[in-house]
Amino acid sequence: MTIAITGCVELPAFREDVELRTADGLTLVGELSLPETADPVATLVCLHPLPTHGGFMDSHIIRKAAARLPALADLAVLRFNFRGVTSPRGTSEGAFGDGVDERHDLAAAMALVTQRGLPHPWLVGWSFGTEVALKWGLEHPVEGAILLSPPLRRTTDAELAAWAGSGKRLVAVVPELDDYLRPPEAAERFAAVPEAELVAVEGGKHLWVGEKQTARVLSEIVRVVTPAALPLPTEWPA
């Protein structure tokens with residue numbers, strides 16, 4: 001007997017509440033999810049959408065990555081609330097920093113990755129989270145960044161161009177019907193990074209609502225990080 005992997009299904013994993021301490025003295029709340037039956041092959045450091053528009057560590061793509069990918073793809077998933085953000089897990093101290101002060105939040109997350117010896121870290125940003133990844137990701141020993149619905153509103157041309165020749169992989173997953181940046185405009189902006197990969201998702205929207213879009217996004221993440229795990233199963237033993 002099996003169950004369909006949809007919606008709020010949470011697959012087995014070791015899940016631990018964690019706290020991150022920033023260099024400017026704040027405590028952030030988060031969760032680390034690890035595979036139950038194997039060592040992780042890579043690590044996703046998830047950076048959530050815009051806090052002032054309801055983004056938090058439980059924004060659905062990030063929550064579902066933590067719920068599914070440790071079991072389906074042997075990935076470690078670290079998710080946390082940026083400064084000043086509240087979720088059922090709790091409230092991170094501080095106040096919204098417009099992508100600037102969140103530099104310290106990312107550094108605190110990467111410090112935990114180092115402390116725990118988690119392998120092959122990748123940044124997975126969604127919307128506002130992509131801005132944090134692009135601005136500050138090059139400061140850290142990451143394999144690269146996966147950008148979901150990047151608006152490129154806070155990222156300067158110079159910050160984007162700095163990724164060119166960095167040796168870090170950059171993959172932008174851009175919805176055809178995005179509210180802020182659609183594939184033709186994205187192709188123009190990301191031309192500053194010739195090695196960047198642009199994935200245009202037909203019919204996709206900024207919030208990736210619905211199981212079809214969720215499955216596509218999670219599959220794109222796995223394709224980049226651990227392609228041997230594809231195709232992702234759609235059922236799990238009950």
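The predicted model contains an open sheet of 8 strands in the order 2-3-5-4-8-9-10-11, with mixed pairing. Strands are DSSP runs of E of at least two residues, helices are runs of H or I of at least four, and both are numbered from the N terminus; two strands pair if DSSP finds at least two bridges between them. Strand 2 (14-21) and strand 11 (197-201) stand at the edges with a single partner strand each, so one side of each lacks a neighbour in the sheet. From one strand to the next, the twist averages 20°, where axes are lines fitted to C-alpha atoms, for helices over the stretch in contact, and angles run from 0 to 180 degrees between N-to-C directions. Within the sheet, strand 4 (residues 42-47) and strand 8 (residues 121-126) pair in the parallel sense over 5 bridges, and Thr-43 stands opposite Pro-121 of strand 8.

Two helices that pack on this sheet are described next. Helix 5 (residues 183-190) touches strand 9 (144-148), strand 10 (169-175) and strand 11, and its direction makes about 160° with that of strand 10; contact means heavy atoms within 4.5 Å. Helix 6 (residues 211-225) touches strand 4, strand 5 (75-80), strand 8, strand 9, strand 10 and strand 11. The direction of helix 6 makes about 160° with that of strand 11.

Residues are numbered from 1 along each chain as its sequence is written. In this predicted model, local features need pLDDT of at least 70 and side-chain atom pairs count only at pLDDT 80 or more, while totals for chains, interfaces and linings use all residues; side-chain values use heavy atoms, with hydrogens and water left out.

The secondary structure of the chain comes to 6 helices and 12 strands. The radius of gyration is 17 Å, close to the 18 Å given by the globule rule for 238 residues, so the chain is as compact as a globular protein of that length. This radius is taken over C-alpha atoms, and the rule is 2.2 Å times the number of residues to the power 0.38. Along the principal axes, the C-alpha atoms fill a box of roughly 50 × 45 × 30 Å. Of the 238 residues, 54% are buried, where buried means under 20% relative accessible area, exposed over 50%, and partly exposed in between (1.4 Å probe, protein chains only). Among contacts with a separation of 6 or more, 70% come from residues 24 or more positions apart.

The count of salt bridges comes to 16, each defined as a side-chain nitrogen of Lys or Arg within 4 Å of a carboxyl oxygen of Asp or Glu. Arg-15 forms one with Glu-10, the closest N and O atoms being 3.6 Å apart; Arg-15 is partly exposed at 27% relative accessibility, whereas Glu-10 is exposed at 54%. The side chains of Glu-211 and Arg-68 meet in another salt bridge (3.0 Å, N to O). This pair links distant parts of the chain, with Glu-211 in helix 6 and Arg-68 in helix 1 (residues 60-73), 143 residues apart. Glu-211 is partly exposed, with a relative accessible area of 28%, whereas Arg-68 is buried at 4%.

Glu-220 is buried at 9% relative accessibility, while Arg-216 is partly exposed at 33%. Salt bridges that share partners join Arg-169, Glu-197, Arg-216, Glu-220 and Arg-223 into one network.
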